[in-house]
Amino acid sequence: MFVSRFLCRARHQINTCGPVWCVASRFSTQPPAKDASVRYSLGRPVLSLRLPAGGLGRFTLTPMLTTVGDLLSEITAKDPGVQSASLLNGDGQRISTCTFMETVLDKDFQLIINDVTHNIRSLGQGASHEHVLGVDDMKYVVRLLHSALSLPQQLHSKHTDLLVKQEELKKQLQPLETERVKMALEAESRATQLGWAGLAYLSLQGGFLGYLTWNVYPWDVMEPITFFISLSTSMLFFAYYILTKQEFIYPHVKDRQFLHFFHYRASHQKFNVHKYNELKDELAKVDGDLSVLRSAIRRKPERTA
């Protein structure tokens, strides 16, 4: 096949008639045969026809590589009873043996074997799903091959870079983390003390009202007093909701007070909370990338095994 292509190219350098060498010819006077057809199997055209010896021949074509001469040579080699074979286009002109089958399959053509005409109908232009790779396509394929061959080395190199970056982030975070832990412990202690102070206030208030009720004033006097004190406490809770847009739920109140004390302490010690959060987010991203990369490196030997 490749020898015939080379000979065809040499002939094209001598002749100037183009890729199709057309020689005036007439249609065969024999009745056309109806036992030849072209079908596509797995994206490749397959020519099926009845040979002179009576057998059925199937010829798989590669449109971009197979020439008319290659096809005629295969037909002659398959059946020794073939004495002459040629291809004609729809105008009855003989097609050069240097013409690629990609050009021939775009239109209807005739295959003449021993003066027997086989009319073959084309399936349409581009039905073979083959195309010539352009320069950009070739560059893309080369990049894919290079990436596939150098992928293990790239994975280990990326893993090393991420480890170095992780170590640098940890060094930057270490002094900030130490200071943050101290301020967090102090803020936690202040929030807890505030809770105990609220409990002590309510306990003293209940004990004081009980003392007044049983030892100083009768219940008729203390009943409106306790009512207004309870109403005032409810108003305080409602005022907390108006100011904070949150319900007065004790865990939420404690967390809010913790953040309040923490940021108050950070502002006094000039602790950069924004920088600390950025470093923590970047470290979390690096840790996630390392986890994914290590999984890919572990799967690589399993696939090769």
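In the predicted model, helix α6 is followed by K245, a residue with a positive phi near 60 degrees. With a relative accessible area of 64%, K245 is exposed. A positive phi in a residue other than glycine is also found at K270, where the value is near 55 degrees. K270 is located in the loop between α7 and α8 (273–304) and is exposed, its relative accessible area being 77%.

Helix α6 itself covers residues 219–244, a total of 26 residues. The distance from its first C-alpha to its last is 37 Å, close to the 38 Å expected at 1.5 Å a residue. Within α6, the residues M222, T226, Y240 and T244 are buried.

The model also contains an open sheet of three strands, arranged in the order β4-β5-β6 with antiparallel pairing. From one strand to the next, the twist averages 20 degrees. Four bridges join β4 to β5 (residues 109–113) in the antiparallel sense, and L87 stands opposite L111 of β5. Helix α2 (residues 68–78) packs on this sheet and touches both β4 and β5. The direction of α2 makes an angle of about 140 degrees with that of β4.

Definitions and conventions. Residues are numbered from 1 along each chain as its sequence is written. This is a predicted model: local features need pLDDT of at least 70, side-chain atom pairs count only at pLDDT 80 or more; totals for chains, interfaces and linings use all residues. Side-chain values use heavy atoms; hydrogens and water are left out. Helices (H or I, at least four residues) and strands (E, at least two) are DSSP runs, numbered from the N terminus. The expected span of a helix is 1.5 Å times one less than its number of residues. Buried means under 20% relative accessible area, exposed over 50%, partly exposed in between (1.4 Å probe, protein chains only). Two strands pair if DSSP finds at least two bridges between them. Axes are lines fitted to C-alpha atoms, for helices over the stretch in contact, and angles run from 0 to 180 degrees between N-to-C directions. Contact means heavy atoms within 4.5 Å.
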